[in-house]
Amino acid sequence: MGTKTVDEAGAETGTEAERDEQTVDVTEAGTAAASTGEGAGPASDTEARDEADQDADEQDEADEDADEALAAAEESEADRDGGVGQGAAAVVSAALGLVSLTGSWVATVAAARETLVGQLETSSTASVATQVKEVYGDAWATTALVGGLFALAALIIGVFVLVRPAFGAPGRPQAAWIKSVAWAGVSLGVVGLVLAVAKYSDVLLGLPSTS
């Protein structure tokens, strides 16, 4: 009976030890799993937030690049429109200056009309000097007046083209050809205006003497 009791006690003791070891193993496994789960959860959330922030930053940068490209395109289009307008005005200035020197159909018609008016209003008994002035002198003065108006228009438009960049956006240089044509218009306008004034006042090509 004593031996059997000892064996049974030993067997029971061994069984309890195995149970304790199994309990310890299960506890350690649960603790490890819990610690692993606790550490993985926050790390995954942090990585997700970092990726979301990075995606948002990249989207903001893409939007900024698109806005800058759109603004650059609008500025480029405005520059082209402004350059076209200034170039056209410069060409018009040069053309008007040339017309003021060579004459125009407006001046021709105005001079012919003034000649006709002089013939109708001057009697055949008027002096030679009066007839010359009314028939020829007034017509020549009218031609000079029309030429002077063309020259003045060329001068004003040319000066406007040259000073236009000062009233626009700073840092936008004007094309060289626009400046050249505008200066040509201003020069022709000045020359045409001087000649017109000189002819109108009889300083240049005055009426011949009838005495």
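A nonpolar core is a set of buried Ala, Val, Leu, Ile, Met, Phe, Trp, Tyr and Cys residues joined through side-chain atoms within 4.5 Å. Keep that in mind for the first stop. The model on screen is predicted.

**Stop 1: the core.** Select Ala89, Ala90, Val161, Ile178 and Ala182. These five residues form the largest nonpolar core. Helix 1 (2-102) supplies at least two residues of this core, and so does helix 4. Now centre on Val161. Setting aside residues up to four places away in sequence, Val161 touches Ala89, Ala90, Ile178 and Ala182, and also Gln86 and Gln174.

**Stop 2: helix 4.** Select residues 176-200. This is helix 4, with 25 residues. From its first C-alpha to its last, helix 4 reaches 36 Å, close to the 36 Å expected at 1.5 Å a residue. Colour its buried residues next: Ile178, Ala182, Gly185, Val186, Gly189, Gly192, Ala196, Ala198 and Lys199. Two of these names, Ile178 and Ala182, come from the core at the previous stop. Then step just past the end of the helix to Asp202. Asp202 takes a positive phi of about 65°.

**Stop 3: the aromatic pair.** The structure holds one aromatic pair. Select Tyr136 and Trp140 to see the two rings. Their centres are 6.2 Å apart and their planes meet at 45°, so the pair counts as tilted. A stacked pair would need planes under 30 degrees apart, and an edge-to-face pair over 60. Both residues sit in helix 3, four residues apart, which means about one helical turn separates Tyr136 from Trp140. Are these residues buried or partly exposed? Tyr136 is partly exposed, at 46% relative accessible area. Trp140 is partly exposed too, at 35%.

**Stop 4: Thr142.** Stay in helix 3 and select Thr142. Its relative accessible area is 17%, so Thr142 is buried; the cut-off for buried is under 20%. What does Thr142 contact, leaving aside neighbours within four places in sequence? Ala110, Ala111 and Glu114.

**Stop 5: Thr122.** Move to the loop between helix 2 (105-121) and helix 3 (128-163), and select Thr122. Thr122 counts as buried, at 15% relative accessibility. Show its side chain. That side chain reaches the backbone oxygen of Gly118 at 2.7 Å. Finish by selecting Gln131 and Glu134. Thr122 touches both, not counting residues up to four places away in sequence.

Notes: Residues are numbered from 1 along each chain as its sequence is written. This is a predicted model: local features need pLDDT of at least 70, side-chain atom pairs count only at pLDDT 80 or more; totals for chains, interfaces and linings use all residues. Side-chain values use heavy atoms; hydrogens and water are left out. Buried means under 20% relative accessible area, exposed over 50%, partly exposed in between (1.4 Å probe, protein chains only). A polar contact is a pair of N or O atoms within 3.5 Å; within protein, one must be able to donate a hydrogen and the other to accept it, and residues adjacent in sequence count only if both atoms are side-chain atoms. Contact means heavy atoms within 4.5 Å. The expected span of a helix is 1.5 Å times one less than its number of residues. Rings of Phe, Tyr and Trp (its six-membered ring) pair if their centres lie within 6.5 Å; planes under 30 degrees apart count as stacked, over 60 as edge-to-face and the rest as tilted.
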